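Subject: Structure handover

Hello,

Here is the structure I said I would pass on. My notes on what turned up in it come after the entry.

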Amino acid sequence: MNYLINLFKSRASNPNIEVIEKSEFKKRIANSDVKLIDVRTPLEFNRGHIEGASNSNIFNKNKFLKNLKSLNKKNPVCVYCQSGNRSRMASKIMADLGFERVYDLKGGYANWGL
């Protein structure tokens, strides 16, 4: 359990994580190999999300980790939350679990509609 707590608190950079602007994020998610993950709560997700995203609530740690196990770690993953904080944590967790390419939407969903 301490391992998970440390992962969620960690802010260390990782070469497998790239925080990208909205224009680049749009290009990335247009690729069929990319998995798009919204890490917000189901309520937030149901109020609006990026088309094609699957919801994996980072606050439900067990389910979040279970969802990650079903993904191919060699394929790129695009992740976002509301403002960028939760997706930063999710990106760190994914990279630490061996995901090779994680793209985090700078500014989160709040930035998507601007």
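**Aromatic residues**

Phe25 is buried, and Tyr80 is buried too, where buried means under 20% relative accessible area, exposed over 50%, and partly exposed in between (1.4 Å probe, protein chains only). Before going further, note that this is a predicted model: local features need pLDDT of at least 70, side-chain atom pairs count only at pLDDT 80 or more, and totals for chains, interfaces and linings use all residues. Residues are numbered from 1 along each chain as its sequence is written, and side-chain values use heavy atoms, with hydrogens and water left out.

The structure holds 3 aromatic pairs. Rings of Phe, Tyr and Trp (its six-membered ring) pair if their centres lie within 6.5 Å; planes under 30 degrees apart count as stacked, over 60 as edge-to-face and the rest as tilted. Helices (H or I, at least four residues) and strands (E, at least two) are DSSP runs, numbered from the N terminus.

Phe25 also pairs edge-to-face with Trp112, at 6.1 Å centre to centre and 80 degrees between the planes. That pair again links distant parts of the chain, with Phe25 in helix α2 and Trp112 in helix α6 (residues 108-112), 87 residues apart. Phe25, Tyr80, Tyr109 and Trp112 form one aromatic cluster. The relative accessibility of Phe25 is 0%, which is why Phe25 counts as buried.

**The sheet**

The order of the open sheet of 5 strands is β1-β5-β4-β2-β3, with parallel pairing; two strands pair if DSSP finds at least two bridges between them. β1 (17-20) and β3 (54-55) stand at the edges with a single partner strand each, so one side of each has no neighbour in the sheet. Between β1 and strand β5 (residues 102-105) there are 4 bridges in the parallel sense. Ile20 stands opposite Leu105 in β5.

Val77 is in strand β4 (residues 77-80) and counts as buried because its relative accessibility is 1%. Its C-alpha is 5.4 Å from that of Val34, although 43 residues separate Val77 and Val34 in sequence. Not counting residues up to four places away in sequence, Val77 touches Lys35, Ile37, Met94, Phe99, Arg101, Val102 and Tyr103 (contact means heavy atoms within 4.5 Å).

**Helix α5**

The 12 residues of helix α5 (residues 85-96) should span 16 Å at 1.5 Å a residue, and the end C-alpha atoms are 17 Å apart, which agrees. The expected span is 1.5 Å times one less than the number of residues in the helix. α5 is mostly covered, with 9 of its 12 residues buried; among them are Met89, Ala90 and Ile93. Gly98, which follows α5, has a positive phi, near 105 degrees.

Ser91 lies in helix α5 and is buried, with a relative accessible area of 0%. Leaving aside neighbours within four places in sequence, Ser91 is in contact with Ile17, Val79, Val102 and Asp104.

**Salt bridges and cysteines**

How many salt bridges does a search of the whole structure find? The search finds 6, a salt bridge being a side-chain nitrogen of Lys or Arg within 4 Å of a carboxyl oxygen of Asp or Glu.

- Arg86 and Glu44 meet in a salt bridge through their side chains (2.8 Å, N to O). This pair links distant parts of the chain, Arg86 being in helix α5 and Glu44 in helix α3 (residues 42-47), 42 residues apart. Both Arg86 and Glu44 are buried.
- Lys92 and Asp96 form a salt bridge at 2.7 Å, N to O. Both lie in helix α5, 4 residues apart, about one turn of the helix. Lys92 counts as buried at 10% relative accessibility, whereas Asp96 is partly exposed at 30%.
- Glu24 forms a salt bridge with Arg28, with the closest N and O atoms 3.0 Å apart. Glu24 and Arg28 are 4 residues apart in helix α2 (residues 22-29), about one helical turn.

The search for disulfides (pairs of cysteine sulfur atoms within 2.5 Å) finds 0 in the whole structure. Cys78 counts as buried at 0% relative accessibility, and Cys81 is buried with a relative accessible area of 1%.

Regards
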